[in-house]
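Have the structure open as you read.

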Amino acid sequence: MTKHNPTLEDRLHSKLKARPSPDFLQGPCQVFQGCKLNKAGHGGIRDAGKLKYAHRVAWEAIHGPVPMIDQRTGKPFVILHLCDNPACCNVGHMALGSQKENMQDCIAKGRHHIHSATMNKLTKAVELAASGMSAHDIAEELNVSPDEVERLLDFHVEDASIYAAEQIVFGHDAAEQMRRYRLIASYEAVIAVTEMMAASSSASAAPVASFS
């Protein structure tokens with residue numbers, strides 16, 4: 001009788017254990033029970049003598065090799081864990097993204113030190129505008145520039161239809177999570193522009209050195 005040698009995917013699935021996942025995702029987390037490759041908790045499985053990330057093996061078994069570069073950004077692709085569980089190998093809980101999006105994911109889920117101040121500022125600007133407060137008064141309340149407030153409020157208006165559609169298709173929690181990613185990306189753009197404008201103003205206001 002011929003002995004059957006288990007494939008890499010067979011060995012992977014034999015090491016998975018179902019665990020509860022966030023409500024906005026379908027199906028349980030499939031948590032890898034083998035060795036961990038790093039402190040973050042990503043699982044590792046050996047293939048032809050080499051260790052590979054378990055979640056990457058799971059992804060590639062369904063979707064094929066991960067593209068090296070995102071043609072939109074020129075940056076390397078990474079696999080994001082929407083369930084926030086690095087050991088999870090449920091491909092339905094994963095998405096391709098950039099390292100920047102991975103950092104945005106950390107911020108939105110509370111794994112980065114600036115997430116609270118960032119999200120509070122963005123959310124508060126929208127709430128104050130809804131109460132009838134002017135952009136100038138909101139800027140004073142939040143201790144930011146009126147230009148920053150205007151840009152944040154513009155984002156809120158432009159994003160409204162996307163957010164509403166996502167609520168219908170994916171449900172409230174998932175839509176809120178995706179909106180957070182976009183808010184953070186917008187905030188980064190706002191800060192970059194605001195800081196550039198401030199630097200420009202400072203430079204133009206600085207006294208010109210005289211040489212004699």
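A residue counts as buried under 20% relative accessible area, as exposed over 50%, and as partly exposed in between. Leu-51 has a relative accessible area of 43%, so it is partly exposed. Keep in mind that this is a predicted model.

You will find Leu-51 in strand 4, which covers residues 50–53. Together with Leu-37 and Tyr-53, Leu-51 makes a nonpolar surface patch of about 250 Å².

## The largest core

In soluble globular proteins, nonpolar side chains tend to be buried together. Here the largest nonpolar core has 15 residues, and Leu-12, Phe-32, Ile-45, Ala-58, Trp-59 and Cys-89 have the most contacts inside it. At least two residues of this core come from each of helix 1 (8–14), helix 2 (54–63) and strand 6 (75–81). Helix 2 gives the largest share, 4 residues.

Beyond its neighbours within four places in sequence, Leu-12 is in contact with Phe-32, Ile-45, Ala-54, Val-57, Ala-58 and Cys-89.

Now turn to Ala-125, in helix 4 (residues 115–130). Is Ala-125 buried or exposed? Its relative accessibility is 0%, so Ala-125 counts as buried. Setting aside neighbours within four places in sequence, Ala-125 is in contact with Ile-138, Leu-142, Leu-152 and Leu-153. From Ala-125 to Ala-139 the C-alpha to C-alpha distance is 8.3 Å, with the two residues 14 apart in sequence.

Definitions and conventions:
Residues numbered from 1 in each chain as written. Predicted model: local features only at pLDDT ≥ 70, side-chain atom pairs only at ≥ 80, totals over all residues. Heavy atoms only, no water. Buried < 20%, exposed > 50% of the residue type's maximum accessible area, 1.4 Å probe, protein only. Contact = heavy atoms within 4.5 Å. Patch = residues over 30% accessible without salt bridge, like charges linked within 9 Å, V, L, I, M, F, W, Y side chains within 5 Å. Areas by Shrake-Rupley, 256 points an atom, 1.4 Å probe, with all protein chains shown as cover. Salt bridge = Lys/Arg side-chain N within 4 Å of Asp/Glu carboxyl O. Core = buried A, V, L, I, M, F, W, Y, C linked by side-chain atoms within 4.5 Å.
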